[in-house]
Structure formats: C-alpha cells, structure tokens
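Work through the exercises below with the model open beside you, and try each task before you read its solution.

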Amino acid sequence: MQNQPSSDPSGHRGGADAVRALVADDDPSSRLFLVEALRSLGLDAQACHDGPSAIAMARQQAFDLLLLDCRMPGAGAEEVLSTLRRDPQARSTDCTAVATSAEMGLTERQRLLSAEFSEVLQKPCNLADLRRILALVQAGANAAPLLDDAQALATMGDADVVKAMRTLLRAELAALYQDLDELLEDTTVLAERLHRLRSSCGFCGAAALGVQATVLQRHLKLRHSGSLAPLSRFRRSLLATLEALDREAES
C-alpha cells in the first residue's frame, strides 16, 4: 500500500521530521476534527474509517501515534491494537496507541489502560488533550508525570481509593525492584510482571513508569536483546516512582 492521503479535505502535511499519526474513526465529524487538530499541531496526520483499514495502514506504514476509536466497523480499538502488537512485521507494532470513545465508563477506561493503550481520550476532546498526547509521544517518559493525580481520579473515581491503590503499588514496586535481576533470567515471567504493573500504573496515575514498562515489555516480546537501554530507563523510572510515592505518603 502506498502512502495514502487522509479521507478528510486538507492537503497540508507536517515536515519530514513531523510525528506521523493515524486517526481511525467511523464518525466523519470526529475524524475531521482529530486530523485537522493534529495537523495544526504540526503532525503528519492520516485517517481511515474502520478497523480493517487501520490494521492494513499500520502494518504497511510507520506511524508514531495511533488514535483508535473503540467502536469502529470491522474491528474496534482493542482488536486493532491487539492485532498489531502480535505482528512484529507490522511497521507500527511498537508505536504509541490512544483509545478514543464518546462513551467512557470507569470499567471501560480501566480495561483499556490494562491493555496496551498509553492513554484514553473521551470525545469530544480538545487541543489541550492532543498537546498532552503529542508531548508523550515526542518526549517519552520525560513528558509524563511520575504521579498524575487527575488521571488516577478519572480512572478510580475516588481519592481514598487512589490512596489505597498507591499503597499497594508501593509494595508491588519494592518487590519488583528486589526481584528484577533474577527476573531477567526468565523474560517470560518478567513480561507477565510488567503486564500486571502496567495495569497498576494506569489505575494509580503512575504515568512515567507505565510508559517505560510498556517499552520494556515490547522490547522483550520482540527480542531486541542487543540493547539494555529500555531496562536501564525502566529501572530509573521505577526508583523515581518509589521515591515519589514515599514523598506523597510522608506529606
């Protein structure tokens, strides 16, 4: 498949170094807004209207960001992303993915964060929401807060529940840090621990660590064993998050 133009009426593109985004949404108004808003922020944005098209385009083109509607014809956001993550030959298998939905209950949000979505956006969203997503894509964990209270409250719905969940997260991180060197001898078990950790990070708003857990999990899955950079960044982020949780508990 060749580089396809968006189905929305606009001809301008970002520069050669622009972040490349794919918007997959069956609603024409949402699709148009997202594409034009992303382009106004300097992205090279393309669009499609259903799940199978999103899978085909993301397999054959290298996107930095996927914005996937949860309820598209043929395949929703979760099925699209699951298909791409299982395909190491897909050119966008390792990119940042964000789920979008006009209806977003706590249960659905939690499920999406437990999958490999970096963020969940409820439509209608605005430019501020998209700037935050773009910052996450461009700067990785450096753009994500150690503890995002707003995200945690949006996910759990109650400050006391967030506090209790963060207490559990603190214990989980301490145990993982102690076990990390041993777990490196069995990357399958480590990947399972990282999967559970990503859910905890999503619930607790531990955004930076969630990013690095996702990166390391994909690194292990694709067997990019030549580089230790993802492990090093994960270890630093884990320690920084532990320190942030300790500071919060003491305040």
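The exercises that follow go from the whole chain to single residues.

This is a predicted model, in which local features need pLDDT of at least 70 and side-chain atom pairs count only at pLDDT 80 or more, while totals for chains, interfaces and linings use all residues. Residues are numbered from 1 along each chain as its sequence is written, and side-chain values use heavy atoms, with hydrogens and water left out.

**Exercise 1.** Find how many helices and strands the protein has, and what share of its residues is buried.

Solution. Begin with the DSSP runs, where helices (H or I) need at least four residues and strands (E) at least two, numbered from the N terminus; the protein has 10 helices and 5 strands. Next, apply the burial classes, in which buried means under 20% relative accessible area, exposed over 50% and partly exposed in between (1.4 Å probe, protein chains only); of the 251 residues, 50% count as buried.

**Exercise 2.** Determine which residues of helix α2 are buried, and which elements they pack against.

Solution. Helix α2 covers residues 51–60, and its buried residues are G51, A54, I55, M57 and A58. Then look for contacts, meaning heavy atoms within 4.5 Å: the buried residues of α2 pack against the strands β1 (20–24), β2 (44–48) and β3 (65–69), and also against α3 (77–85).

**Exercise 3.** Decide whether S101 is buried or exposed, and list the residues that it touches.

Solution. Locate S101 in strand β4, which spans residues 96–101. Its relative accessible area is 1%, so S101 is buried. Leaving out residues up to four places away in sequence, S101 touches D69, C70, R71, E108, L121, Q122 and K123.

**Exercise 4.** Identify the kind of peptide bond that joins K123 and P124.

Solution. First place P124, which lies in the loop between β5 (119–122) and α5 (127–139). Then read omega, which is about 5° for the bond between K123 and P124, a cis peptide bond. For comparison, most peptide bonds are trans.

**Exercise 5.** Work out where E185 and D179 lie, and how each of them is classed by accessibility.

Solution. E185 is in the loop between α7 (159–183) and α8 (187–204), and because its relative accessibility is 72%, E185 counts as exposed. D179, in contrast, sits in helix α7, and its relative accessible area of 25% is why D179 is classed as partly exposed. To finish, take the C-alpha atoms of D179 and L190, which are 9.5 Å apart in space, although the two residues are 11 apart in sequence.
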